Amino acid sequence: MLLQINPRSSFSLKYHPLQHAGSVKTFQTPLKHINGLANKNQSKKYSVRCSSESSFFLTNKIGHSEDLVINRNHKPLSKSTVALAAQDGYSSESKLASTSFMQVLNKKCDAFYRLTRPYSCVSIIAALLSVSLLPLQSPADFTPKLIIEAFKCMVPAIMMNNYANAINQLADVHIDKVNKPYLPLACGDFSMGEGLAITIASPLMAVAMGIMLRSPPLVIGFIIWCIVGGAYSIDLPPLLRWKGNPLMAAVTIISMNGLLLLFPFFIHFQKIVLGNPVAFTKPVLFTAAYMVIWNAAIAFVKDIPDVEGDKAFGLRTLPIILGKEKVFSIAVNMMLMAYGGAVLVGAFSPSVICKLVTMIGHSALAFVLWRQAKTIDLSDNKSVQSFYLFIWELYYVEFLFVHFLR
């Protein structure tokens, strides 16, 4: 095998794993013949030095024959050397491709995390764990089967939540570029095709799981959820695009975050899982009333940071109509009223423990809410968003207190 070297070119050969660091290999360009005589002055010599960094370096520092260093223990490059070098290069390319794949995968997972809005997923988990306990009539009803069924129901419920978020972001991608540029569709981390795929696949899988669970209440609930979520986001006036109507927007939030998480699942656990006749107890009715009030307040606060973008695209949300300050005051007073109702209901509880927990607990939560509301700067969207997430946390806590309203 002949290795030819252009004096003006440079190249790097992969280091043979059997070579030792510091060894030198010299190459000499062919002699030029003038009139049958070899012209030695035109011949140039190069050396290749092996380094510990797994590569050969070509040098032309050898100018005279007396400076030539030859290590005869090293054999010339062979086919096996070239094969090993090629294999080394292929390994590096494979590692690079693997790294790129992991980076893309991590980016997509992060985008999906932002699309699902985790605080709403936590609300679904807390709600279903609480609702699964509402039909219990005695400690004997609390069985492993009930717990397993509760976790089974979480999967399609979270899928329906993903559907509602995906279709909303898909329809509002132009508005979100102004209001929420960090969302995956708005910033380009998800393509419109990927968003559409999630929007279509999520409700189909949720309904299929409802059928697998042999639960008509869940199947009907998921279909209603799908219709309401689509009507809220899809821009087909005059019947759809409920987001642009303050009343219908509140109805949507109350339905998807509240009533559709309560009644279909309560009936499923009471009738399908436990085999008892459907009966709406005092805690169920209070939970329904609390969900209506609290989710209406959530709907009002949700639109406060989005005033600029909503106004630019012609939406008529309540903060645009009434102003941020007035809407914020209405929302806070509604939530305080819900806590006041809980204290009043707890005062008539026949159980002393339930009475104390309900009255003291809700009074403390009302004080915390009132104090937190006093610190909010409505001109700062980050401050409003922080309060919005805070009232979601209070919403989670209520799913624990509701079981003391007996």
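Is Phe142 buried, partly exposed or exposed, and what is its relative accessible area? Phe142 is partly exposed, with a relative accessible area of 46%. Here buried means under 20% relative accessible area, exposed means over 50%, and partly exposed lies in between (1.4 Å probe, protein chains only).

This is a predicted model, in which local features need pLDDT of at least 70, side-chain atom pairs count only at pLDDT 80 or more, and totals for chains, interfaces and linings use all residues. Residues are numbered from 1 along each chain as its sequence is written, and side-chain values use heavy atoms, with hydrogens and water left out.

**The chain as a whole**

The chain has 14 helices and five strands. Both are DSSP runs, numbered from the N terminus: helices are H or I with at least four residues, strands are E with at least two. Of the 406 residues, 45% are buried. The chain exposes about 21,900 Å², and carbon and sulfur atoms supply 65% of that area. Accessible areas come from the Shrake-Rupley method with a 1.4 Å probe; for residues, only the protein chains shown count as cover.

A contact means heavy atoms within 4.5 Å. Take the contacts between residues at least 6 apart in sequence: 70% of them join residues at least 24 apart.

**The cores**

In soluble globular proteins, nonpolar side chains tend to be buried together. A nonpolar core is a set of buried Ala, Val, Leu, Ile, Met, Phe, Trp, Tyr and Cys residues joined through side-chain atoms within 4.5 Å. The largest one has 76 residues. Phe265, Trp294, Leu369, Phe387 and Ile391 have the most contacts inside it. Helices that each supply at least two residues of this core include α2, α3, α8 (246-273) and α14 (381-401). Helix α9 gives the most, with 12 residues.

Ile391 touches Trp294, Ile298, Val301, Met335 and Leu369, leaving aside neighbours within four places in sequence. A second, separate core has eight residues, including Ala111, Leu115, Val173 and Phe190.

**Around helix α2**

Ser130 sits in helix α2 (residues 118-133). Ser130 is buried, at 4% relative accessible area. Beyond residues up to four places away in sequence, Ser130 touches Phe399, Val402 and His403. Ser130 and Leu400 are 270 residues apart in sequence, but 6.9 Å apart in space, C-alpha to C-alpha.

Phe142 lies in the loop between α2 and α3. Together with Ile125, Leu129, Ile147 and Phe151, Phe142 forms a nonpolar patch on the surface, with about 440 Å² of accessible area in total. Patches are made of residues with over 30% relative accessible area and no salt bridge; like charges are joined within 9 Å, and nonpolar side chains (Val, Leu, Ile, Met, Phe, Trp, Tyr) within 5 Å. Helices α2 and α3 (144-171) each supply at least two residues of the patch.

Asn168 belongs to helix α3. Asn168 is buried, at 7% relative accessibility. Neighbours within four places aside, Asn168 is in contact with Arg117, Tyr232, Ser233 and Lys243.

**Salt bridges**

Side chains of opposite charge can pair when their charged atoms come close. A salt bridge is a side-chain nitrogen of Lys or Arg within 4 Å of a carboxyl oxygen of Asp or Glu. By this rule there are nine.

| Lys or Arg | Asp or Glu | N to O distance |
|---|---|---|
| Arg114 | Asp110 | 3.0 Å |
| Lys152 | Glu149 | 3.7 Å |
| Arg241 | Asp172 | 2.7 Å |

Asp110 and Arg114 both lie in helix α1 (residues 79-116), four residues apart, about one turn of the helix. Asp110 is partly exposed at 39%, whereas Arg114 is buried at 18%. Lys152 and Glu149 are three residues apart in helix α3, so about one helical turn separates them. Lys152 is partly exposed at 37%, and Glu149 is buried at 13%.

Arg241 lies in the loop between α7 and α8, and Asp172 in the loop between α3 and α4 (173-179), so this pair ties together parts 69 residues apart in sequence. Arg241 is buried at 12%, and Asp172 is buried at 0%. Salt bridges that share partners also join Lys107, Asp110, Arg114 and Asp189 into one network.

**Cysteines**

The structure holds zero disulfides (pairs of cysteine sulfur atoms within 2.5 Å). Cys121 is buried, at 12% relative accessibility. Cys187 is partly exposed, at 38%.
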